[in-house]
Each structure stands twice: as structure tokens, then as C-alpha cells.
Amino acid sequence: MRPLVFITGASSGIGQALALRYHHAGWRLALAARRVPEMQAWLETHGVSPELAHCYLADVSDVNSIIAAANECLAEQGVPDVVIANAGISIGMDTQVRQDLEVLQQVMNTNVVGMAATFHPFLHAMKNRAVQMGHSQHVGTLVGIASVAGIRGMPGHAAYCASKAAAIGYCESLRGELKPEGFKVVTLAPGYIKTPLTQKNKFPMPFLMSATDFAEAAFQAIEKGHSFKVIPTPMAWVARVLRILPNTLFDRAFKNVPRKHRSTD
Ligand SMILES: NC(=O)c1ccc[n+]([C@@H]2O[C@H](COP(=O)([O-])OP(=O)(O)OC[C@H]3O[C@@H](n4cnc5c(N)ncnc54)[C@H](OP(=O)(O)O)[C@@H]3O)[C@@H](O)[C@H]2O)c1
């Protein structure tokens, strides 16, 4: 039986590129997002046969919705070997504006709570399968798509940076919690990747990488079971410097960074 990967946010960008990479590697696909017609059209365009891929309607910011989609996947396709919590949104916020508190909630619900709610429904099923197969040393792999934006908080990017910092911390906790149970938890932190999400950015995006190249590097990192990886590599060097940069220098370097686009701009 071919291995199965469950990917959220598979109607666009990084999620689609990951789906294609796993398809080329011979995996079955379980794709989840709100825009099911986009995922179905994409499967048709790439000639992926219906036995090898199913699409699930899921809103990851609604816990019941993503749990229902995961349960459908378990019933229709079985237990995934890899679960990738990739769905995410990026919206600017201004704490002085009352409506933007709802933006923060929406971003946190999607990028953080949605990640936990994507992993949650698979954990028991993955453990049970491993017991039945007699290989409880490797139960399954959980992948969280975070961001380099989670390493430091940039002015005007508060909601996104906070959500990605939380995603990094959450995945790190989960890694320690689930290691004794035989799970691998992989945190991937993309730099700038060419997708609809970055199309609206009006600021320079150093080391901009295609989604296809990102998917290749991500696939390799997941296969190797990296605990944390920044992609692309030059951005990993930047991330290392950012992590240790004293606040005074960081504040000076980023004081003029353009603010992230707000929904009411
Ligand atoms: N592109 C970059 O440079 C970059 C850098 C760092 C991190 N990332 C992260 O990579 C991930 C993918 O981003 P991308 O660049 O591929 O963006 P994208 O092209 O805008 O795709 C985002 C995907 O997330 C899905 N999504 C958003 N909200 C959702 C919800 N509530 N429920 C279910 N699915 C939802 C969207 O599907 P529907 O709209 O159909 O639901 C879409 O498939 C995100 O977590 C993003 O933060 C991207």
C-alpha cells in the first residue's frame, strides 16, 4: 500500500507544491482546504487519479470542521503516515484599531489552534496502527509550517509574527511530548516563497524561492526527520543572526520595515 500524506492548505501555494512533490514520490494524497473546487481542478490538471487522492472541505479555524475532515480521511483513505499542518493566513494589524483585535484572533485561530486541531484527530489512529503493525518506534510524522517571521517580532507584522512564534513554540513542545510515543515532529520555517500569499507584499523579499523548490527541500527535510529547518538555506543564516541580535540593533534595523497589509487598508 502506498503511504498517505494529509496536507491542509492544499488549494494554493506551498500546500499544492507539497502535494505535487508527494505525488511524484508515489504517495497517496489527502488534501484539505475551504476551496474544494480548486483542489479538484488541480488534481485533474495534474492527472492524479481519484484512487490516489481525495479532497476534504475543512476550515482549520473551526475545530469541529477540521476534525470532521480528518475523520472522513481516516474512514475513506485510512491513517496518514505524514500530516502537514500548512494552512495559514497573513494579515497586518494595528493594535490601536478595535476591529484588528478580531484580525489577531482570526490569525491565531488559523495559524496556531488550526495546527493543533489538524494533528489532534490523527494521534490515536496513528498510535493504534503502529501497535497493530508492531512498529511503535515510528508511529508517524507531524509537520508544522511555521515561518522565519516567528523568530523576531517585526513592527506592523504583530499578528503574523505572534502566530508563527506560537507555532514554533507549540511544535517544539509537541516534539518533546510525543517523542517517547514514537512520533516525529518537524517544524519548517519558510523564508520568502513565491505564492499568492507573498504576491501582495510591497517590500523587498530577499532569497525569494519558488514553491516547487521549497517543496523539494521540505520533502527532503521531512524524510530525514529534521526537528527544525529554515528554508532556503541563506535565510537560515539570516535567522541565526536575527535570533542573537540585541534588541537595540534589531529595533534600529527594522524600524522602517513596511507594515503588513491590513484587511481595512
Ligand atoms: N509564502 C511564504 O513566503 C511563506 C513564508 C513563511 C511561511 N509561510 C506559510 O506557509 C503556509 C502556506 O502559505 P502559502 O504561501 O502557500 O499561502 P497561500 O498560497 O495563500 O495558501 C494558503 C493556504 O491555506 C489555506 N487556508 C487559509 N485559511 C484556511 C482555513 N481557515 N482553513 C483551511 N485552509 C485555510 C488556503 O486554502 P483555502 O483558502 O482554500 O481554505 C490555502 O490553500 C502558511 O502557513 C504560511 O504562513 C509562507
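**A tour of the predicted model**

Select helix α1 (residues 13-24) together with helix α7 (residues 211-224): the two pack at an angle of about 60°, with their axes 8 Å apart. Axes here are lines fitted to C-alpha atoms, for helices over the stretch in contact, and angles run from 0 to 180 degrees between N-to-C directions. Helices (H or I, at least four residues) and strands (E, at least two) are DSSP runs, numbered from the N terminus. This is a predicted model, in which local features need pLDDT of at least 70, side-chain atom pairs count only at pLDDT 80 or more, and totals for chains, interfaces and linings use all residues. Residues are numbered from 1 along each chain as its sequence is written.

Next, display the side chains between the two helices. G13, I14, A17, L18, L20 and R21 of α1 meet A211, T212, F214, A215, E216, A218 and F219 of α7, contact being C-beta atoms, placed from the backbone, within 7 Å.

Now select the ligand. It is surrounded by 30 residues, the closest being G9, G13, R34, R35 and G88; a residue is near if its C-beta atom, placed from the backbone, lies within 6 Å. Helices α1 and α6 (196-199) each supply at least two residues of this shell.

Move to F207, in the loop between α6 and β8 (209-210). Phi of F207 is near 60°, a positive value in a residue other than glycine. F207 counts as partly exposed because it has 16 C-beta neighbours inside 10 Å (20 or more would be buried, 12 or fewer exposed).

Finally, select P232, in the loop between β9 (228-231) and α8 (233-244). The peptide bond from I231 to P232 is cis, with omega near 5°.
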